[in-house]
Amino acid sequence: MRLRFRAAEALAAVLLLALSAACGSRLPESDFEHDDRTPAPRDAAPLRVGIITSATSPVGGSAFTGPRDGARAFFDRLNARGGIDGRRVEVRSCDDGGSGVGNNECVHKLVEEDEVVALVATTALDYAGASRVSRARVPDIGGQPIGTAYDTYPHLYGIYGSLAPRDGTPGWDGRLYGGTEVYRYFKREHGARTAAVVSYNQSASAAYARLVERGLRAEGYQVVTEQVDFALPNFRAVAADLKEQGADLVFDAIDGHGNARLCQAMDEAGADVTAKVTNVQNWASTVTDAYQDAPRCRNALWATGASRNYEDTGHPAVREFREATTGLKTHSQWQLEGWAAARWFTDAAESCTTTGITRACVDAFMDRSQGYTAGGLLLPVRFERLPEPPKSSRTCLSVARWQDGKGWVGQGDMNRTCFTVPQLAYEP
C-alpha cells in the first residue's frame, strides 16, 4: 500500500499560507448534474489532454508547477518522436488560481468545452471539480494527492495509487490510513531513537504534527514536541532544546520559509542531528539557495517518497527525463512524477490504438494497471477497492539525502527498502 500520509504531507506543506486565501466557495453541485460521457472522437487530431495546476495560488507561483512542467516535457519529446499512433498530443493547461471556483472553471473548460480524453498530473490546492470529473468518467491520471479526491472518486488515479473504495466518501467512512515506514527506516537503518516534531500553534500545523507523533510513538520513539508561535516563531529556543534533548531526527509541520529559519537556528545552536526529514515536495535542486545560511543542517536533509530519485541518472528512465528537461532552471521530484504521469497516459493511450483512443478505453487501462512503475520511475502502484482498511501493509520507500556538491544522493534500492508496518487511521 502506498503511504497515504503523503496526502497529509503535501497538504501540510502548503496549507499554512493558504487557509484564508484559497478557500474559494464551491459552485452548487446542481450546476453539474448533466452527465457528459461522450468520449473524445476516435479520429480527432490532435489528441487532447488537460493539465490543471494551481500555478498562481496564494502559496506562490512555483509551489505547484513541477508536475505540470514534467508532464509537458514528456509530451514535447513524445510529439518530436511522432506522437501516439501518428497523432500529436495537444496539451491544454488551466491555472485554477488555487481556488475551488477556479478549479470548477478549469474542469468545465477542459472536460466539457475542450473534450480532453484525459487529465494528467493534476496539482490542485482545492480540487473542487473532482466529483464532476468523475461523473464525466474522464480518467485523471497521476495527480498529486494534496487533498482527498484520489481516495474518494472513481476514475481518478493518483500518482501513488489507492486501496480505498472510492465510492464518493473519502477513504473508509471518512478516514484515511497511512503507514509508519519512514519512521521504521530511520530506526532500523540509522539507529534513531529520539525524534522531534516542530509545529506552529495553528490548527492545520498542529493536526499534522499530531499525526507524525502518533506514527513515531507506534515505532517506539521517544518524541519531543516543539511548538512555536505562527506570527513570531522563536526558532532559537527550539534549536537550543533540540540540542539539549539530543534529538536524532527532526520532523516538522511548518512551511518552507520556517524550515529554512529553523535550520539556520539549529546551525547557530550547534544542534546536529542524524536527519532533518522533509517530504517529496521539497525534494528539489533549490536546496542550496533555500538553506544557504545553514550548511550543516542543509547537509542533514533527507527526503522520502515513492518515486525514483531524479538525480539517479544511471537509470535509463531517469536519464531520459533529465535529458528532456535540461532547459529547466531547477529540477525536482515533482517534475519527475509529472513526467511519469504523462508516460502513464501514453501507455494507456497506446493500448487503445486498435480500438480507438477514447476516455472509456484509457480508463479501463488505468483501472487494471496493477503494479505500474512508469518504466521504473515509480514504486509499483496499486488500485484496489478494499471493503475494509488494512491493519498492516508491506510498503517500500525511496530515500535520498542532500550532500553539497552531489545534490540528492539515493540511499539504497527503493524496491528493496521495504517494511511491513501498521496502518494508522487519520481524518483529513
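Colleague: What is the mean pLDDT of the protein chain?
Modeller: This is a predicted model. The mean pLDDT is 90. Of the chain's residues, 89% reach 70 or more.

Colleague: And where is the pLDDT below 50?
Modeller: Over residues 16-42. In the model, that stretch still has 61 contacts beyond near neighbours in sequence. Where pLDDT is low, predicted coordinates should not be read in detail.

Colleague: New topic. How many helices and strands does the chain have?
Modeller: There are 13 helices and 15 strands.

Colleague: What share of the residues is buried?
Modeller: Buried residues make up 58% of the 428 in the protein chain.

Colleague: And the surface? How much of it belongs to carbon and sulfur atoms?
Modeller: The accessible surface comes to about 16400 Å². Carbon and sulfur atoms account for 46% of that.

Colleague: Back to contacts. Take those between residues at least 6 apart in sequence: what percentage join residues at least 24 apart?
Modeller: That's 73%.

Colleague: Now Glu-427. Where is it found?
Modeller: In the segment after strand S15, which covers 418-426.

Colleague: Is Glu-427 buried or exposed?
Modeller: Exposed, because its relative accessible area is 61% and the cut-off for exposed is over 50%.

Colleague: Which residues does Glu-427 contact, leaving aside neighbours within four places in sequence?
Modeller: Gly-174 and Arg-175.

Colleague: How many residues apart in sequence are Glu-427 and Arg-175?
Modeller: They are 252 residues apart in sequence. In space, their C-alpha atoms are 4.9 Å apart.

Notes:
Residues numbered from 1 in each chain as written. Predicted model: local features only at pLDDT ≥ 70, side-chain atom pairs only at ≥ 80, totals over all residues. Heavy atoms only, no water. pLDDT = per-residue confidence, 0-100. Contact = heavy atoms within 4.5 Å. Helix = DSSP H or I, 4+ residues; strand = E, 2+ residues; numbered from the N terminus. Buried < 20%, exposed > 50% of the residue type's maximum accessible area, 1.4 Å probe, protein only. Areas by Shrake-Rupley, 256 points an atom, 1.4 Å probe, with all protein chains shown as cover.
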